[in-house]
Amino acid sequence: QVRLVESGGGLVQPGGSLRLSCAASGNIFNIYHMDWYRQAPGKQRELVAGITLGGVTNYAESVLGRFTISRDNAKNTVYLQMNSLKPEDTAVYYCNVGTLGGVYWGQGTQVTVSS
């Protein structure tokens, strides 16, 4: 069994910051990519940021310069530092981890940006 534990979501004011964490545990074999997706009400799920085995990062244009993805391979954990948050960042954020054993999704964590 592979388990993804997310943390860090919550309610923040515009301009604030949050740091999301996603720790993978269990029967994990060679994580080759770790990503964050989000889905806002009435919209399709979209890739927010991703990081590959080689450390190459990818960001949605809407978050470029504000969000930073990073990973700690020793802890099998991926982070998403979110700064200068905007109301349009409000969504359920999902952790996605690809390993030799399969692709896994977190349960989702709510991020709400509102004054």
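**Notebook: sheet and rings**

I looked up the sheet and found four strands in the order S1-S3-S8-S7, open and with antiparallel pairing. I count strands as DSSP runs of E with at least two residues, numbered from the N terminus, and two strands as paired if DSSP finds at least two bridges between them. Strand S1 (2-7) and strand S7 (67-72) are at the edges with a single partner strand each, so one side of each has no neighbour in the sheet. From one strand to the next, the twist averages 15°, taken between lines fitted to C-alpha atoms, with angles from 0 to 180 degrees between N-to-C directions.

The model is predicted: local features need pLDDT of at least 70 and side-chain atom pairs 80 or more, while totals for chains, interfaces and linings use all residues. Residues are numbered from 1 along each chain as its sequence is written, and side-chain values use heavy atoms, without hydrogens and water.

I then looked at S3 (residues 18-26) and S8 (residues 77-82), which are antiparallel and joined by six bridges. Arg 19 stands opposite Gln 81 in S8. The charged end of Arg 19 sits over the ring of Tyr 79, 4.0 Å from its centre; the cut-offs are CZ of Arg or NZ of Lys within 6 Å of the ring centre and within 35 degrees of the ring normal. Arg 45 lies over the face of Tyr 94, 3.8 Å from the ring centre.

I searched the whole structure for aromatic pairs and found one. The ring centres of Tyr 37 and Trp 105 are 5.0 Å apart and the planes are at 55°, so the pair is tilted (rings of Phe, Tyr and Trp, its six-membered ring, pair with centres within 6.5 Å; planes under 30 degrees apart are stacked, over 60 edge-to-face, the rest tilted).
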